[in-house]
Amino acid sequence: MLHWDDATLISTLFHELAHQVLYIRHDTAFNESFARFVEQQGLREYLASGAQITPPDPIRRARHQQFVALVLSARDELATLYARAMPVEAMRAQKAHIFEALRARYQTLRDSAWQGDPRYDAWFEKLKTNNARLLPFGLYDALVPAFAALFDEVQGDWPRFYAASQALSELPADQRQARIEGLMQRQAKKPAQQALAGD
């Protein structure tokens, strides 16, 4: 971690400390999205304070986003496959094909646009045909817009934000999901509202 750029290291610290503030059992998307929002907003405010740090590596971040997009695409293909009625052996063969195609797409990306950058080779070496390797992807960002909307609700006041997040976490699962969906919808409308207001 000490070889990371300052921004990545600091944002990771914000992320992990956020888990110490709030964590609920059996809701990974909630926990990771909460921590990811704290990470992102914390870094924005830290940089806005005039802190002199090594800026984020845009190439590293762009390649990570491309890698995640590849994995999410394969996960969607697997979800479609598992929804089909077909013999077990045929499904296993199709599953293996999806994993091989994922590897091939990564290798093409690595060897062309990335100019041979092998940063995710180790991940693929451990992949085999293990669905569990694909599960975490998307969980870290899925609900970030909801927490951004919640942050706006409390006018960017961190103690009130943490209290509101805690209250959200204590709702029954169905009520929590409904509240999160409402926050997501509000945040999705925000750019359009800003455009209409001339922002």
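Arg 103 is found in helix 4, which spans residues 88–111, in what is a predicted model. With a relative accessibility of 16%, Arg 103 counts as buried, because the cut-off for that class is under 20% relative accessible area. The side chain of Arg 103 is joined to that of Glu 100 by a polar contact of 2.7 Å. When residues up to four places away in sequence are not counted, Arg 103 touches Phe 124, Leu 127 and Lys 128.

Helix 2, comprising residues 28–48, packs with helix 6, comprising residues 144–153, at an angle of about 55°, and the axes of the two helices lie 8 Å apart. Helix 2 and helix 6 are therefore oblique to each other, and their crossing is right-handed. On the side of helix 2, the contact is made by Phe 30, Ser 33, Phe 34, Arg 36, Phe 37, Gln 40, Gln 41 and Glu 45, while helix 6 contributes Val 144, Phe 147, Ala 148 and Phe 151. The residues of this contact between helix 2 and helix 6 divide into 7 nonpolar, 3 polar and 2 charged.

Ala 149 also lies in helix 6, and with a relative accessible area of 2% this residue is buried. Leaving aside residues up to four places away in sequence, Ala 149 touches Leu 183 and Gln 187. Between Ala 149 and Thr 12, which are 137 residues apart along the chain, the separation of the C-alpha atoms is 22 Å.

Terms used. Residues numbered from 1 in each chain as written. Predicted model: local features only at pLDDT ≥ 70, side-chain atom pairs only at ≥ 80, totals over all residues. Heavy atoms only, no water. Axes fitted to C-alpha atoms, helices over the stretch in contact; angles between N-to-C directions. Helix = DSSP H or I, 4+ residues; strand = E, 2+ residues; numbered from the N terminus. Parallel < 35°, antiparallel > 145°, perpendicular 65-115°, else oblique. Left-handed = near helix turned anticlockwise from the far one by under 90°. Contact = heavy atoms within 4.5 Å. Nonpolar A, V, L, I, M, F, W, Y, C, P; charged D, E, K, R; others polar. Buried < 20%, exposed > 50% of the residue type's maximum accessible area, 1.4 Å probe, protein only. Polar contact = N/O pair within 3.5 Å; in protein donor to acceptor, adjacent residues only side chain to side chain.
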